[in-house]
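Please look over the sequence and the fold below before reading on.

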Amino acid sequence: QVRSSITSTLAPNFAAEPTVFVSLRSVAEAAPVVSGGPYVAPSIKVYVLGEVANPGLVEMEPGTTLMQAFALVGGFSRFAAKKRVQLRRTTSGAESIYPVNYEAILAGTSTMGATVLAGGDVIVVPQRRLFE
């Protein structure tokens, strides 16, 4: 139905009927049906450890970026090693560790701040070393 709808919408703009391919990227979780109750938006759980103002479990909307997560936890403490932040993500049982340099994000030389977080991600903000 989606393919035929798109094809019929595009057809007047082409000499020959266009070929349209439709694929499914993901399926959203069904919202719980609560009769008479308010709609509760889905959320993801991300864990933030270390030198931030409010470490711990943070529930946030799907699509939240790493920079937005830094804001949600209240920013960094004065002892944070902002150049050695880690984003840890487990996919299919294997953990990947992504280095994050917050100062490079602010300077515009890194795009890691736009990384969309996934449920179960862990953000680790280590303590600064003596001359760091």
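The backbone of S92 has a phi near 55°, a positive value in a residue other than glycine. This deserves a second look, given that most residues other than glycine have a negative phi. The side of the question that concerns solvent is settled by the relative accessible area of S92, which is 79%, so that S92 is exposed.

The coordinates belong to a predicted model, and the confidence of the prediction should be kept in mind from here on. The mean pLDDT of the protein chain is 88, and 88% of its residues reach 70 or more. Confidence in the protein chain is lowest in α1, with a mean of 86, and highest in β5, at 97.

With that said, the overall architecture can be laid out. The secondary structure of the protein chain comes to 3 helices and 5 strands, and from the N terminus on the elements follow one another as α-β-β-α-β-β-α-β. The chain has 132 residues, of which 25% count as buried.

A search of the whole structure finds 2 salt bridges. One of them joins R89 and D121, whose closest N and O atoms are 2.6 Å apart. Because R89 lies in strand β3 and D121 in the loop between α3, residues 102-107, and β5, this pair ties together parts that are 32 residues apart in sequence. Are the two partners buried or exposed? R89 has a relative accessibility of 19% and therefore counts as buried, a value that falls under the 20% cut-off for that class. D121 is buried as well, with a relative accessible area of 0%.

The other salt bridge is formed by E95 with R88, the closest N and O atoms being 3.3 Å apart. In this pair E95 counts as partly exposed, at 47% relative accessibility, and R88 also counts as partly exposed, at 24%.

The loop between α3 and β5, which holds D121, is also the place of G113. G113 has a relative accessible area of 7%, so this glycine is buried. Its C-alpha atom and that of N101, a residue 12 positions away along the chain, are separated by 9.1 Å.

Another loop, the one between β2 and α2, residues 66-72, contains E61. At 59% relative accessibility, E61 counts as exposed. E61 and A118 are 57 residues apart in sequence, while their C-alpha atoms are 9.9 Å apart in space.

Finally, the surface of the model carries a nonpolar patch of about 410 Å², which is made by V2, I6, L10, F14 and V22. Among these residues, I6 has its place in helix α1, which covers residues 2-10. The relative accessible area of I6 is 34%, so I6 is partly exposed, and it may be recalled that α1 is the element in which confidence is lowest, at a mean of 86.

Technical notes: Residues are numbered from 1 along each chain as its sequence is written. This is a predicted model: local features need pLDDT of at least 70, side-chain atom pairs count only at pLDDT 80 or more; totals for chains, interfaces and linings use all residues. Side-chain values use heavy atoms; hydrogens and water are left out. Patches are made of residues with over 30% relative accessible area and no salt bridge: like charges are joined within 9 Å, nonpolar side chains (Val, Leu, Ile, Met, Phe, Trp, Tyr) within 5 Å. Accessible areas come from the Shrake-Rupley method with a 1.4 Å probe; for residues, only the protein chains shown count as cover. A salt bridge is a side-chain nitrogen of Lys or Arg within 4 Å of a carboxyl oxygen of Asp or Glu. Helices (H or I, at least four residues) and strands (E, at least two) are DSSP runs, numbered from the N terminus. Buried means under 20% relative accessible area, exposed over 50%, partly exposed in between (1.4 Å probe, protein chains only). pLDDT is the predictor's confidence in each residue, from 0 to 100.
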